[in-house]
Structures are given as structure tokens and as C-alpha cells.
Amino acid sequence: MAKISINIKSGTLEKEGLVVGIDLGTTNSIVALVNPETGMPEVLGRSGELLVPSVVHITHDGMPVVGSIARQALVSHPQSTIFSVKRLLGRSYKDIEAHAPYYTYRILDEEDDKLVRVEVNGKYYTPIELSAEILAELKRRAESITGKSVNRAVITVPAYFNDSQRQATRDAGKMAGLEVLRIVNEPTAASLAYGLGMNTSETKTVVVYDLGGGTFDVSVLRIEEGVFEVLSTQGDTYLGGDDFDRVIVHFWLQFMPEALHAEAHKSLRLLAEEAKKQVCSGREFEESVTLSDENFRLTLNFDTFESITRSLMDRTLDCLHMALRDAKLSTGEVDDVILVGGSTRMPFVKQRLADLFGHDKVNDSLNPDEVVALGAAVEADVLAGNRNDILLLDVTPLSLGIETLGGLMDVLIPRNTKIPCKYVKSYTTSVDGQVKMSIAVYQGERELVAENRKLGELLLTGIPAMPAGLPKIEVTFLLNADGILTVEAKELRSGVQQNIEIKPQYGLSDADVERMLLDSLSHAKEDVALRMLVEARTEAEQMIYTVGRFLEKNAALLSEDEIITTKQRCESLENALSNPDKDTILQGIDALNEYTRPFAERLMNKAVSSALSGTHIDNV
Ligand code: AMP
């Protein structure tokens, strides 16, 4: 397939164009590019500021600010400064609930499986929008340094990211005005940075040990004929360098009176990090601090640091052993170990890994903060067609998906996915007693199916009549090596099934593909905004429907006043539906949600007491 790139500003097609690699990190993000002169990947940035903190501050007038300036607002404006947005990407509130106290900003605690949203000053932001701000900053940075437009990128994600998290990352890229050529696993990128996998005749087994500021991941990869397979992953999404700092703070606290502990906790954190870095570089740490007019001398040496943090280090090795066990491998079968993340600079990390695998197997010559971005740049270079020594697997030129509520395109196979491939996704009905479902298949990059190309439609009939949301309809897209797509739909409870075969490329010239891509990029921003509006409307409509049904069935549980207020809130939400501003609709949903939440609890209590007294109650 021909590779093209599109200049978003001028709207013209370019055969040449920069393709960058982006490490979108939890704490910091980096953009890198292969230097055409040296053929080597390089991080883009001015010296001293190669990392962009992954922090978005929303100013009081609603403007997003990204990077080091935003990071400074973490302490002064905790409620309007979003950090760790990567932990929220593609997640529902249920997924992150256990860690809710960790966030200083408001995350809407909606109870169902919907993706989370953040609220700042009455405006609602999805993690996709916030990540897009970070990506846009990296794009601007790359453009200002190279003086060229940057519109294509490879973005890395943790190997354990699921489809929803990967799709969210892809959407964030699109929103930032980038065509995402591929989403690459972070351990794969780290391996590429060390040149592993470039020689397609060799087979290698690689362990990637990634200890960052707040997260720990270990992955075992098998690289064969240039194809990377993740054999296993393990980790702890809340274990990192910050925890080592915390142990130092606790160590110091034992020398202070208890009355000062709360104050000391806050003020010693940064000092602890400084002490950690200092002892890791071979110098003893000593510093005086004054807390409530009392002076304390804080000291730390390397041996003490190693011994008080040994249990944290052991935890990472336990994960590593689990990952090896899952991959059914012994340490002797591993060819290379790669160190990623700033915390691998702690000398005992390398030492303990060398003890396990052998000194010569540990790769740490590249900067551990940069290695993922460098690898992403290498992959970007390959996908841009700049290297003919590497075989590129065949990919789909345009995304394939189906129409969902509100006429939205739901992508099952994203463009540039290697073929053959198979994707499965589950859907359900939106109306009670629905017995058939039409599945319309589309090809293209636009958010609304009306703007894409319809390939075919299949009708699944014979779904047993059930309440909305209960049937489980599994849609499978199977794209074979010849580019033939088979779509299959099956209702799992009854087993009814339908399938059709489609040739997606049929009748599409290269020029058609280029035009469809160009359209999708030049409309990316408005398309994504429209998608969010349609999603908000659909959500509001469903909520009005559910609350209406609740009122019909359970009016006895509510007081007269409550019924009136609920109806009023439903009405104002109904009125907001015609408003083109998604935030107004989301505010209406939020208000209705807050108000009706206690009702559900009452219903539960009623169900429990009825169950106890042996009476039967209706399903809601
Ligand atoms: P990352 O998320 O990969 O940027 O990792 C940042 C983490 O690495 C933070 O917890 C830092 O304290 C830690 N770190 C950075 N440099 C060093 C160093 N020289 N020694 C020990 N830890 C470090």
C-alpha cells in the first residue's frame, strides 16, 4: 500500500512528512524522531526539558495548559490540575474506584460501565480530550524544533492495555491532529530501541523491566521473524519511585516527634527524592530542616536506603518471577533484559537483575526515560517507509466498524491493523423486547457512519424478547490475508447467528482511500466534538428513559416532592438535548444522577427486606 501523509494546515497531500514516535507516559511524555542524516532516533526538546510532564491544568477561564507550568499548579490548584490521566484512559469509574482517593480532582462517580469523566469548574472533560492536549503539546514542540509539520505518529501504550484503552489512545491522537499509524506496546518499543527484532532471522526472548515514578510493569516478549509477541505481563500499577521516596520519609519520621508527622509528610517528600538520587549516585545525603521552629538533621546513606527499600525491590522481582512462570520460561532461557523507567537508575535494580540473568544480558546503555520514545520513533520510521531493510506486514488501509446508537461509527478493526486479524465485540439491545437487530458495516475514518462508506448489512433475527440490555450480541470481524471480511453476529443466550462475507476494498481506488483519509483528518476536530455531543445526547436519552420507568414502577418509594423534583430535572435534561453544547447536557445528567442515586439504594433495601420476608418483587 502506498504511504501518504496529509498536511493538516494546508489540507494538501505530501509524499514526504515527519512521522514521530510518542511515549505518552503516566508522569512524563516524550516525542522522538529518527534523524534522517544519522538514521538514529533522537528525543526532540531543548536541553534540560526533554520530558513534558503529563499534567494538564485548566485555568479559571477554561484554557488548558500542559507540561511544566501545569505541574507547578499541582500544589496550588489541585482541583483543576489533572495528573496521571493515563490511568483513566479507556476506564470506567468501576475500574478506578479502589484508588479514588489518589486523585485530587473530581472524577464523576457514575455507577455503570461508562468511561469516566473529569469535572473542572462546571466543564466536563474526557481522559481522551485531556490526553489529546498533551499530545498536541508534543506535536507543537516537534514542529517548532524541526520547522516542519508533524501529522503522523506512533504512540506507545503498556502491553496490558485492553482494546478500550488502546482505542482511547488512538482517539486522543486523532483529536490532537495526528494520524496514529500504530499503537505499539511499550516493551516492544523498548526492544526496538536496542535494535532487537531488526534482524528478522533471529529469534529472541526478552524481559522488559519498567520501573517508573508511579508504576511497575514487567513483560516477557518473544521476537520471531520481526514479529513481537507478548508472552506475559505482570506489574503493579501503583508501585514506583514514589514509593521508594515514601519509605525514606517514614525512615526520617522515626526521629521526629509524632506531633510533627503530618506536617513533615508533606514537606519531606521532595527532599526524600533528592536524597534517593544523591545516594544512588554514590554520595551521602545530609540536610537540615526546620519544622515548627525545631531543627532536624536528616541523613541517608546508600546501604540504609537499600535495606529499608528491599521489600519494595523484592516485590518487583516477585512480579518478574510470576511473569516468567506465566510464559513458562526459566531465567536461563531469556536472551536480553531491558531496563526502562527512571527508577532503574537505582544501582541495586541492575545488580539484582544481573544476579538473576547474568551481567551480559542486561541492557542499560540507553537513557531509561527515553528508551520507549526512541523505539517508537524507530517504528514510526519503518512505517513511514524510510527503511527498506525491514519487512512491513500487510495492513488494512481504512478502519472497519459498525453503526451504533446515534449513527456513530464503532470501529472494530482500526486502520493499519496487520492482517489477517480477528476482532470480537459485544453489544446489547436498547429497547425492551427487541427481537431483531440490524448490523450495518462501514469502512472509513469519520466519526459518523453517514460520512463513511457502507459495505453491507446483516440482520440478526430471532433474538428472544428480553428487557433492554440483557441480550448479549457478539459481533466478530474476521479479515483474512486476502482482505476478505467476514462479519458474524451471534446472540449468546439463544445461540441465534447470522453471517456475511464482504470484500472491503472492492471498488476503492488508491485515490479514494487518500480522499477518505484526507476528509477524516481535515474534519477530525469537529468530528470528535460531534461524537461527544451525540454520545452525551444518547446517554441523556437513556437516562430519561430509565428514570421514567423507575418513576412508573416505584413511585411508592418516593415522596411527592421527590417525584416533582425528579420530573423537573428530567424535563430540564430533555430541554438541554437540543442544546449544541455537550457540557449543558452533561450538567443535566450529573444533576439528575446526583438526585436519583439515593433512590436506587432505597430500592435495594426494599428488595432485601422483601427477600427476607419471602415476598417476590418485580425486576426493575
Ligand atoms: P519515570 O516515570 O520513568 O520518569 O521515572 C521517574 C522516577 O525515576 C522518579 O520516581 C524518580 O525519582 C526516579 N529517578 C530518576 N532519576 C533517578 C536516579 N538518578 N536515581 C534514582 N531514581 C531516579
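Okay, let's start with strand β16, residues 216-224: seven of its nine residues are buried, so the rest of the structure largely encloses this strand. Buried here means under 20% relative accessible area, with exposed over 50% and partly exposed in between, using a 1.4 Å probe and protein chains only. Strands are DSSP runs of E, at least two residues, and helices are runs of H or I, at least four, numbered from the N terminus.

Quick housekeeping: this is a predicted model, where local features need pLDDT of at least 70 and side-chain atom pairs count only at pLDDT 80 or more, while totals for chains, interfaces and linings use all residues. Residues are numbered from 1 along each chain as its sequence is written, and side-chain values use heavy atoms, with hydrogens and water left out.

Back to β16 and its partners. Two strands pair if DSSP finds at least two bridges between them. On β15, residues 204-211, eight bridges connect to β16, and the two run antiparallel. Val208 has Ser219 in β16 as its bridge partner, and the β15-β16 hairpin leaves four residues between the strands. Then β16 pairs with β17, residues 227-236, over nine bridges, again in the antiparallel sense. Here Arg222 stands opposite Glu229. This hairpin has two residues between its strands, and Glu225 in the turn shows a positive phi of about 50°.

Now, the cores. A nonpolar core is a set of buried Ala, Val, Leu, Ile, Met, Phe, Trp, Tyr and Cys residues joined through side-chain atoms within 4.5 Å. Which residues touch the most other members of the largest one? Those are Val20, Ile22, Ile107 and Leu135, out of 49 residues. Helix α3, residues 127-146, supplies the largest share of this core, with eight residues. Apart from it there's another core of 48 residues, including Tyr209, Trp252, Leu253 and Phe305.

Further along, there's an open sheet of four strands, ordered β24-β27-β28-β29, with antiparallel pairing. At the edges sit β24 (421-427) and β29 (497-502), each pairing on one side only. β28, residues 485-491, is joined to β29 by six bridges, and Val487 has Ile500 as its bridge partner there.

Last thing, confidence. pLDDT is the predictor's confidence in each residue, from 0 to 100. The chain's mean is 87, and 91% of residues reach 70 or more. Over residues 1-15, though, pLDDT is below 50, and over residues 614-620 pLDDT also stays under 50.

Note on methods. Contact means heavy atoms within 4.5 Å.
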